[in-house]
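Please consult the sequence and the model alongside the text.

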Amino acid sequence: FNCTVFEADHGKDALQIINDKKGNINLILCDLMMPIMDGFTFLKTLKGMPAFQAIPVIFLTAKNDKETVTKCVKMGAKDFIVKPYDLAVVSEKLTKYLSAKS
């Protein structure tokens, strides 16, 4: 894929980037544990904005308990990658969701 990548230090910055790009974001790869605005708050805020609800969110995190995974999925996350991660797994999941957007 020919992609442009935007990087944010935390969820609040990510929301600003998404707003600035007017939703022209095809996928969000997001850590669950971030300063200022964590992944749960980020996802809740994003899914509460009708213009951005369809953007798939994949969480990348060290939290691998069933409760966390279930909460992420119920909140609207498309997928979950556990740290330490295998780049082949990350690539496979990114390809899956970016292909679906094509």
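## Helix packing and sheet arrangement

Helix α1 (residues 11-20) and helix α2 (residues 39-47) have axes that come within 9 Å and cross at roughly 25°. This is a predicted model, in which local features need pLDDT of at least 70 and side-chain atom pairs count only at pLDDT 80 or more, while totals for chains, interfaces and linings use all residues. Residues are numbered from 1 along each chain as its sequence is written, and side-chain values use heavy atoms, with hydrogens and water left out.

Helices (H or I, at least four residues) and strands (E, at least two) are DSSP runs, numbered from the N terminus. Axes are lines fitted to C-alpha atoms, for helices over the stretch in contact, and angles run from 0 to 180 degrees between N-to-C directions. Angles under 35 degrees count as roughly parallel, over 145 as roughly antiparallel, 65 to 115 as roughly perpendicular and the rest as oblique; α1 and α2 are therefore roughly parallel to each other. Likewise, α2 is roughly parallel to helix α3, which comprises residues 66-75.

| Helix pair | Angle | Axis separation |
|---|---|---|
| α1 and α2 | roughly 25° | within 9 Å |
| α2 and α3 | about 15° | 10 Å |

In the contact between α1 and α2 (contact means heavy atoms within 4.5 Å), Gly 11, Ala 14, Leu 15 and Ile 18 of α1 meet Phe 42, Thr 45 and Leu 46 of α2. By class, this contact has five nonpolar, two polar and no charged residues. Ala, Val, Leu, Ile, Met, Phe, Trp, Tyr, Cys and Pro count as nonpolar, Asp, Glu, Lys and Arg as charged, and the others, Gly among them, as polar.

The contact of α2 with α3 is made by Phe 40, Leu 43, Lys 44 and Lys 47 of α2 and by Thr 68, Lys 71, Cys 72 and Met 75 of α3. Its residues divide into four nonpolar, one polar and three charged.

Gly 11 lies in helix α1 and counts as buried at 0% relative accessibility (buried means under 20% relative accessible area, exposed over 50%, partly exposed in between, with a 1.4 Å probe and protein chains only). Not counting residues up to four places away in sequence, Gly 11 touches Met 34, Met 37 and Phe 42.

Three strands form an open sheet in the order β1-β2-β3, with parallel pairing; two strands pair if DSSP finds at least two bridges between them. The edge strands, β1 (28-31) and β3 (79-82), each pair on one side only. β1 and strand β2 (residues 57-61) pair in the parallel sense over four bridges, and the bridge partner of Cys 30 in β2 is Phe 59.
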